[in-house]
Amino acid sequence: MENWSLFSLCVLLGLTSRWAVSFHSYSGAGKPPMFGDYEAQRHWQEVTYNLPVHEWYFNTTNNDLNYWGLDYPPLTAYHSLVCAYVAKLLNPEWVELHASRGYESHSHKLFMRATVLFTDILIYIPAVLLYCFYFCDGSSKQKVATALCILLYPGLILIDYGHFQYNSVSLGLALWGILGLGLGWDLFGSLAFTLALNYKQMELYHSLPFFCYLLGKCIKQGLIGRGFFQLAKISLTVLVTFALCWMPFLSDPKQPLQVLHRLFPFGRGLFEDKVANTWCSLNVLIKIKTLLSRETQLFLSFALTLLFILPSSLKLLSKPNLWQFKLALVNSSLAFFLFSFQVHEKSILLAAFMLPLLVKDGLLLPYVVTSLAFLFLSLYLLSHLTRTNEPLFWYFPFLVISVATFVWLEPPAKFPDLFPVLVSILSFLHFLGFIIYFNLVQLMEPQRKKSQKKTN
Amino acid sequence: MSATSHLLKVVIQTVMAAPMTNDQSWFYALALGVSFLKCLLINAYHSTDFEVHRNWLALTHSLPVSQWYYEATSEWTLDYPPLFAWFEYGLSHIACFFDKEMLVVPNLNYASPATVLFQRLSVIVADVVFFYAVKECCKCLREDKGKDLLGKPSFILTVLLLWNFGLLIVDHIHFQYNGFLFGVLLLSIARHCQNRHFEGAFLFSVLLNLKHIYLYIAPAYGIYLLRCFCFTQSNADGSLQWRSFSVVRLVILGTIVLSTFAVSFGPFIALGQLPQVLSRLFPFKRGLCHAYWAPNIWALYNIADKAFSILGVKFRLLDINKLPKASMTGGLVQEFQHSVLPSVSPLATLVCTLLSILPALFKIWHRPNGARGFLRCLVICALGSFMFGWHVHEKAIMMAILPLSLLAVDSRKDAGIFLMLSVTSHYSLFPLLFTTQELPIKIFLMLLFTIFSLASLKTLFRKGGALLNPLEVTYLLGLIPLELICEFVYPLTVWQKTFPFLPLMLTSVYCALGVTYAFIRLYISLLTCSDTTKKTKMQ
């Protein structure tokens, strides 16, 4: 069968599963007064449409930051604004200032789901297709298989089309960045990644590899002459992009500070809820959340993140090729996930997302095993989201049985949180294992087939 | 979870065509994959058929057998034969564990999440019969060699059947049990291909007692079994050898069929309820056409009548006052009164149907072509009944498409006809899902199936030119603007309020053209096909 037909079948399968998942409930459905992420996104449309720019990130009478205040960078806000314009056309009630709080209806749900699908088709899916087409080794069948696996990756589908978020935008833009770097279009790659960063600050997880790769490449080209010139061009691109995105906020020095304050809420503590990272798992044994002061916690998390990210970044700096770059992405995002401050369980998407990119002969097994681990984690997310028995369950019929044990089986009264904690600890151990494994792979570079090496 | 990782491994291996320890693992991967998709669709829109089956669960569970065909609390009375009622009875015992309330007859339109889950799961699980049947059908393919997995006829056939758009849409969204029923049909066909005729006949009798719509194809079975099985030999040129008639075989066949019917209808005959049962099974439904015209001859007939009446009024050949009231502005009403052309009665449709299938029946009597000829005749019987039947439902087209898939992977001409028929009739199923939420699903799935069938069949028969001629391609491409107009443009126009039926009518008529064309081509291929097998396979 021809390539185009195979790829279109993959896309269609991906789109079908996405839309089918969207039939189910979203976060916070029917749960006043706060509802959930879905209401947050709707609220941002309301805020960005009705209020002037300088009020978006501030606590004013019209903008109560305690009710889902904006906590993503400006590009998300602009995106919400565009969606709000469309919403206004379809039904002004959806974005009525104050009056539309907690608005829920079938047609509104369809609209919101459609916005996710639209951006997915526009940004994420083309990036995946191009990536698989140009950067996967092997026969066309292998490329199609990779595309299928990435497009059917359950984590992203469940979060974006179930829970409700726009991760496909930031991940898609990051992927365009990777594509750009892979094709040798460093400026385009930097531009795309900067946009991703300006969409969700979680992309910082990937920023160090991008930085080290580009810096290393420029150094290789010689810091006097071409390399320096290239570095200057890249830096200029990044700065200009930042400036353009933040332009409305640069008039008053208070603005960017407030935005940063919203983006990085250090006041919220080491972790919230059950996350499969070090701090949450450690907390089971030693109550570090209460034992250490907030400053110590911040310092500890910063130090450990840096510690785990340093070897990988230095290696990349010294050997800036695509293979190292991809591994560094995995290691960096795992390190941030495991050790940084205020991590949400959804951040694991960033590490998991990179892994399918590594589907080559040698790494097939870890990928399959990783999927198990991530399935395990998504299981946890499902149990977390479906305390009210929402039909989001039905995605993995086999796994329903396992989830059922967690949800229906009564945990011992002394440890009411036993099962979620067990799940997150087990997942954490998996991730710890992975970060060690992938660091080893990156640093030691076991013998690989010559054909797989991609040098720039 | 190990099953999921196995699935992932298998999917990747499948596409890479790597040497596998288990050659058949791709089949299970496809089956599992489509089952996952079906599970995702659990929350989709379901039609009144959902309530129909819930009602039947309730009445078979709560009422004694003597009441089953008399119960009328709900408007959806039991109108399937007794074996299906027993099937629902069996299901109702499992339903107890999900939600006892659904088994209470007065709970009309009861649709708790547990009920939805149970009913949807029952369809998904019942499809196992279909999976098995597809596996058996793959064994009947003449040639199963392919350079790689994607080019193997058995792989293509499996996808065409397991991932059939019509079945997914009708069974797992609209809600019916066609997968299970077609599983029995395909299994019966497979048994005939494998020369296990007693089993095939038994399965078909069971099928008739599960859903009597399969009477459409009973003539094909009857003539074929009589000609090819009861007469054990044919002459060298393929003609009938009267002396080889085997009374034993006829008697055994008769016994099988009659005993199946006896088990099914026996209790009701004993209770003296046979007339009541028959009246439920064959209700004298009003109207030549269903509310949405199935894309058959009568849709074309209706539109011709409307056109003539409009023209007639325009050219003052007809007096507008003398025409039936609703004919000018009425759209899709059940009792369509014809103004210019003669009205059609149920008897007329029966006669037309019989006339349409007689040549095919005669052909396989005269010069049977083994199992393949039988299959072709079966498809023609199904299609003929669809084309000319009374009060036909557009879903009935599935009876023609699924068996035709078997022929499509075997011969070029059939592949071309299959493409025409399947794309057209799948499109004609669109009005079944009229909700906005399901719109992307039906478009994605339609594209998925169409692209796959086009690409895979094209690759399979790449030697020998294109499968579809330019006219056919243009017709099929015309479906795209038709869809855009009917579902996107028209609702925004002012005519949506005054003539709301127009898109449905357009869809009906446009598809009727394609279906009629496929019917004619299929007939031509049956009547002109030469005997590729010297002797029939039955010995």
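Chain A exposes about 18,600 Å², and carbon and sulfur atoms supply 71% of that area. Accessible areas come from the Shrake-Rupley method with a 1.4 Å probe; for residues, only the protein chains shown count as cover. The model is predicted, so local features need pLDDT of at least 70 and side-chain atom pairs count only at pLDDT 80 or more, while totals for chains, interfaces and linings use all residues. Residues are numbered from 1 along each chain as its sequence is written, chains are lettered from A and ligands numbered from 1 in the order in which they are written, and side-chain values use heavy atoms, leaving out hydrogens and water.

Stay with chain A. It has 19 helices and zero strands. Helices (H or I, at least four residues) and strands (E, at least two) are DSSP runs, numbered from the N terminus. Of the 456 residues in chain A, 60% are buried. Buried means under 20% relative accessible area, exposed over 50%, and partly exposed in between (1.4 Å probe, protein chains only). Now take the contacts in chain A with a separation of 6 or more: 76% of them join residues 24 or more positions apart. Contact means heavy atoms within 4.5 Å.

A:Arg42 is a residue to look at. It sits in helix α2 (residues 37-50) of chain A. Its relative accessible area is 0%, so A:Arg42 is buried. Leaving aside neighbours within four places in sequence, A:Arg42 is in contact with A:Trp94, A:Ser100, A:Arg101, A:Gly102, A:Tyr103, A:His108 and A:Met112. A:Ser100 lies 58 residues from A:Arg42 along the chain, yet their C-alpha atoms are separated by 8.8 Å.

Turn to chain B. B:His172 belongs to helix α7 (residues 165-175) of chain B. B:His172 counts as buried because its relative accessibility is 3%. Not counting residues up to four places away in sequence, B:His172 touches B:Lys38, B:Leu41, B:Arg120, B:Val123, B:Ile124, B:Asp127 and B:Leu167.

Next comes a helix pair. Helix α8 (residues 178-193) and helix α10 (residues 218-230) of chain B pack at an angle of about 15°, with their axes 13 Å apart. That makes α8(B) roughly parallel to α10(B) (angles under 35 degrees count as roughly parallel, over 145 as roughly antiparallel, 65 to 115 as roughly perpendicular and the rest as oblique). Axes are lines fitted to C-alpha atoms, for helices over the stretch in contact, and angles run from 0 to 180 degrees between N-to-C directions. From α8(B), the contact uses B:Leu185, B:Ser188, B:Ile189 and B:His192; from α10(B), it uses B:Tyr221, B:Tyr224 and B:Leu225.
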